[in-house]
Amino acid sequence: MFAVNVAINLPVKNLFRQFTYSVPEALQFIDSGWRVVIPFSGQKVEGFVVERVSLPSDEVLKSKLKPVEAALGDTPWFDKEMLATAKWMADYYMCSLAEAMRLFVPGKSSIKRRAVRDAQGRLLYYVYNERLQEKTVLAYRINAAGRQALAEGTLAKRAKGQHAALGVLAQAAGALSVSELAQQGVSSAVARALAQNGLADAVQKRVLRNSYNTEQERGESLQLTAEQQDAAVKINQAIDAQRAQSFLLQGITGSGKTEVYLRAAAHAVDAGWQVLMLVPEIALTAQLVKRFQAWFGSEIAVAHSKLSQNERGDVWYRMRTGKARVLIGVRSAVFAPFEKLGLVIVDEEHEGSYKEEDHRPHYNARDVARTRCRLTGAALVLGSATPDLCTYYKALQGECTHLHLTSRPNGAALPKVEIVDMRKELEARNFSVLSRALQQALVMTAAAGEQAIVLLNRRGYSTFVMCRDCGQTITCPHCAVAMVYHKKNEDLRCHYCGNTMPLPQECPNCHSRRIKYFGSGTQKAEEQLQQLPEVRVLRMDQDSTVAKFAHADILRRFADGAANVLIGTQMVAKGHDIPNVTLVGVLAADSTLHLPDYRASERAFSLLTQAAGRAGRGDRPGHVIFQTYDPDNPILQLAVTQDYDTFAKRELQERKNYFYPPFAQMLKLQVVDKDEGAGLVLAQQVVFYLQSLKLQGKLEDLLIAGPFPSLVAKAYDLYRFNVLLKAQDLKETKEALLNSEFKEKANLYFNVDPVSVI
Ligand SMILES: [Zn+2]
Ligand SMILES: [Zn+2]
Ligand SMILES: [Zn+2]
């Protein structure tokens with residue numbers, strides 16, 4: 001006899017404790033990894049069994065244990081590797097085991113209960129079902145009587161339709177749904193008649209909701225370059241060896257990383273393994289998904305963030321049972337169950353969207369993937385033109401194998417980049433957001449029947465509104481940010497909380513009527529582009545892509561030639577491959593360079609390189625224009641040459657000098673509070689606590705900065721204070737925090753390896 005320790009699946013922050021339950025006779029099969037129903041503070045809730053423990057010998061203690069009520073599913077949800085990954089996450093990201101384990105189940109709380117009553121309506125017991133409903137359809141299967149009738153030909157004369165239908169059913173491997181029968185010329189009336197005559201059985205057949213599911217031959221296979229071939233061979237060897245080898249596949253933009261991914265995935269699938277392919281955002285990777293579908297057809301499952309809970313349940317089911325071999329998905333797909341994982345690919349591994357920054361636990365899917373690979377032996381491929389500096393450093397240190405793709409397969413050159421000094425434009429009295437050089441290049445591109453992409457990383461029309469007389473800017477009452485003027489709706493909007501307000505008639509401070517609009521967003525740039533001859537514009541930013549699949553739709557229309565200029569925020573710079581694009585213009589190329597964040601240079605270099613890389617991917621050369629008020633900026637100069645290695649070596653030296661990752665580990669503590677004073681006090685208390693430990697000679701190399709207000713000091717009516725912690729190894733610091741009262745503060749967030757420190 002034994003008891004079990006259970007982590008409670010409740011959306012409660014900081015429930016670190018686990019609880020012990022007894023296990024009734026009928027449920028003695030329960031072991032670690034099972035999802036169970038348990039009584040908890042007067043409710044029936046879901047829990048995860050973490051481990052079996054021996055029953056306490058103390059009879060009083062024993063009698064206090066409540067029993068597990070039911071087991072969910074017919075197998076444990078967590079296998080050993082998933083449970084170990086969740087435990088690693090809890091340690092590394094400083095969250096409770098329950099918070100980590102919840103990420104692995106589709107749907108947050110997925111049970112519902114049904115009362116079973118006797119004839120008098122008295123409650124007998126409850127039945128627990130997973131809320132995930134299997135979608136089933138009516139289907140027919142031939143039975144013994146049917147096979148006999150078919151063999152004897154009893155229906156051949158008097159009911160030819162039924163006879164033929166029996167023939168179709170006899171050929172099928174299992175039951176055929178009504179629509180499958182219709183495809184083979186069998187009407188539902190005939191099928192129903194067979195069932196009524198006792199020659200076939202009507203059954204329910206599970207169908208999987210996967211809108212991407214299409215049956216296809218393995219798609220076109222391009223000739224690989226020597227570098228691609230070499231990369232594929234090395235990865236394939238690692239797949240065969242299953243020794244958890246990891247790779248950095250560093251390839252310039254347009255160098256054909258996808259071809260290498262496809263070969264490696266095909267090699268893994270042919271050897272009986274499953275493949276996980278993580279992408280930053282499904283909507284922006286439609287081309288890649290299509291390419292994989294052409295190769296793997298119905299063996300592919302796709303998991304994007306807009307799947308319903310049931311659709312997600314289906315995808316997880318297909319992976320767990322091995323019905324699908326390749327899973328393509330965003331961040332959260334890293335938690336899928338696999339039957340036999342052999343390869344993980346992380347495309348654009350430097351992308352910030354792999355890091356969950358908004359909700360606890362703040363995990364990075366790339367690093368969770370690394371852990372799953374370590375535990376399963378699967379090979380890991382991290383691909384990028386501009387790798388995360390931490391990944392790059394690992395490759396330099398030999399911790400992962402460095403693979404290079406240094407040329408574009410069709411021999412195309414990297415685009416030619418020029419810098420335009422916007423100060424000179426002002427001197428020449430050009431007040432447009434478009435420089436004269438860019439205007440001219442756009443007109444020529446349009447006239448030649450080619451296409452252009454224009455990047456401006458600011459949405460809206462005017463990015464701030466200010467009073468001419470007293471200098472007051474209009475800010476959101478809930479967030480410490482400027483309101484943005486949106487011309488289409490004729491209103492002001494907060495890009496943080498979505499709050500809107502009418503255009504001000506007068507200054508709220510001094511009642512002056514001299515209100516002026518400053519700064520240019522994508523809407524204003526769109527308006528100015530439309531005035532150029534022969535230019536037809538499409539705009540892609542968060543405001544134009546609210547609807548499901550709107551991104552993919554805009555990109556498809558652009559690729560089809562519905563417009564010859566695409567203007568938008570950074571989403572226009574990523575992933576897609578449109579051969580007719582020969583010109584890229586970046587307005588305000590220095591806009592992200594001056595943020596007070598140690599990763600500002602890395603992010604700016606990456607964005608500029610990715611944007612430039614959209615040009616000249618076909619057989620015509622590309623041309624790129626960076627507009628800036630800071631033309632001598634060294635990062636901008638390096639982006640012009642698109643020379644990542646030189647940039648990376650320079651930046652790594654800076655990181656070393658100032659003790660930043662990869663040379664230090666970082667932890668951001670963030671306090672959020674409705675009350676500004678209370679928030680600051682809590683942040684100070686954490687700092688005092690850590691400083692007192694240092695005074696006792698502990699946490700020697702820990703560096704503490706702050707507390708200071710976050711760059712956006714208030715959002716959604718909550719004040720935000722940051723404390724930054726750095727050390728060569730933060731293990732002891734994490735332990736100290738997890739052993740303190742601060743662990744269970746609901747408004748204190750631990751963000752390990754923060755993407756942004758501001
Ligand atoms: Zn907006
Ligand atoms: Zn004023
Ligand atoms: Zn706001």
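Here are some friendly notes on the structure above, taken point by point.

1. **What you are looking at.** Please keep in mind from the start that this is a predicted model. The protein contains 22 helices and 32 strands. Its radius of gyration is 30 Å, close to the 27 Å that the globule rule gives for 758 residues, so the protein is as compact as a globular protein of that length. If you turn the model along its principal axes, the C-alpha trace spans about 95 × 75 × 60 Å.

2. How much of the protein is buried? Buried residues account for 52% of the 758 residues. The protein exposes about 33800 Å², and carbon and sulfur atoms supply 50% of that area.

3. **Contacts along the chain.** Take the contacts between residues at least 6 apart in sequence: 73% of these join residues at least 24 apart.

4. **Charges.** Counting side chains, you will find 92 positive and 80 negative ones. The centres of these two sets lie 5 Å apart.

5. **The zinc ion.** Which residues coordinate the zinc ion (ligand 1)? They are His 486 and His 495, each through its NE2 atom, at 2.0 to 2.1 Å. The surroundings of the two histidines are worth a look. His 486 has a relative accessibility of 1% and therefore counts as buried, since the cut-off for buried is under 20%. His 495, with a relative accessible area of 28%, is partly exposed.

6. **A buried alanine.** Find Ala 268 in helix α9, which covers residues 257-270. Is Ala 268 buried or exposed? Its relative accessible area is 0%, so Ala 268 is buried. Beyond its neighbours within four places in sequence, Ala 268 is in contact with Ile 239, Trp 273, Val 275 and Leu 343.

7. **An exposed alanine.** Now move to Ala 144, which belongs to helix α4 (residues 144-152). Here the relative accessible area is 63%, so Ala 144 is exposed. Where does Ala 369 sit relative to Ala 144? The two are 225 residues apart in sequence, and their C-alpha atoms are 49 Å apart in space.

8. **Cis peptide bonds.** Arg 360 and Pro 361 are joined by a cis peptide bond, with omega at about -15°. Pro 361 lies in the loop between β15 (341-346) and α12 (365-376). A cis peptide bond also joins Pro 661 and Pro 662, where omega is about 10°. For Pro 662, look in the loop between α20 (644-657) and β29 (665-673).

9. **Positive phi angles.** The loop between α20 and β29 holds Phe 659 as well. Phi of Phe 659 is near 55°, a positive value in a residue other than glycine. Tyr 716 is another residue to check: its phi is near 50°, again positive in a residue that is not glycine. You will find Tyr 716 in the loop between β30 (703-715) and β31 (718-727). Is Tyr 716 buried or exposed? Its relative accessibility is 51%, so Tyr 716 counts as exposed, the cut-off being over 50%.

Terms used:
Residues are numbered from 1 along each chain as its sequence is written. Chains are lettered from A and ligands numbered from 1 in the order in which they are written. This is a predicted model: local features need pLDDT of at least 70, side-chain atom pairs count only at pLDDT 80 or more; totals for chains, interfaces and linings use all residues. Side-chain values use heavy atoms; hydrogens and water are left out. Donors are N, O and S atoms within 2.8 Å of the metal (3.2 Å for Na, K and Ca); water is not among the atoms, so sites may look incomplete. Buried means under 20% relative accessible area, exposed over 50%, partly exposed in between (1.4 Å probe, protein chains only). Helices (H or I, at least four residues) and strands (E, at least two) are DSSP runs, numbered from the N terminus. The radius of gyration is taken over C-alpha atoms; the globule rule is 2.2 Å times the number of residues to the power 0.38. Contact means heavy atoms within 4.5 Å. Accessible areas come from the Shrake-Rupley method with a 1.4 Å probe; for residues, only the protein chains shown count as cover. Lys and Arg count as positive and Asp and Glu as negative; His and the chain ends are not counted. The place of a charge is taken as NZ of Lys, CZ of Arg, CG of Asp or CD of Glu.
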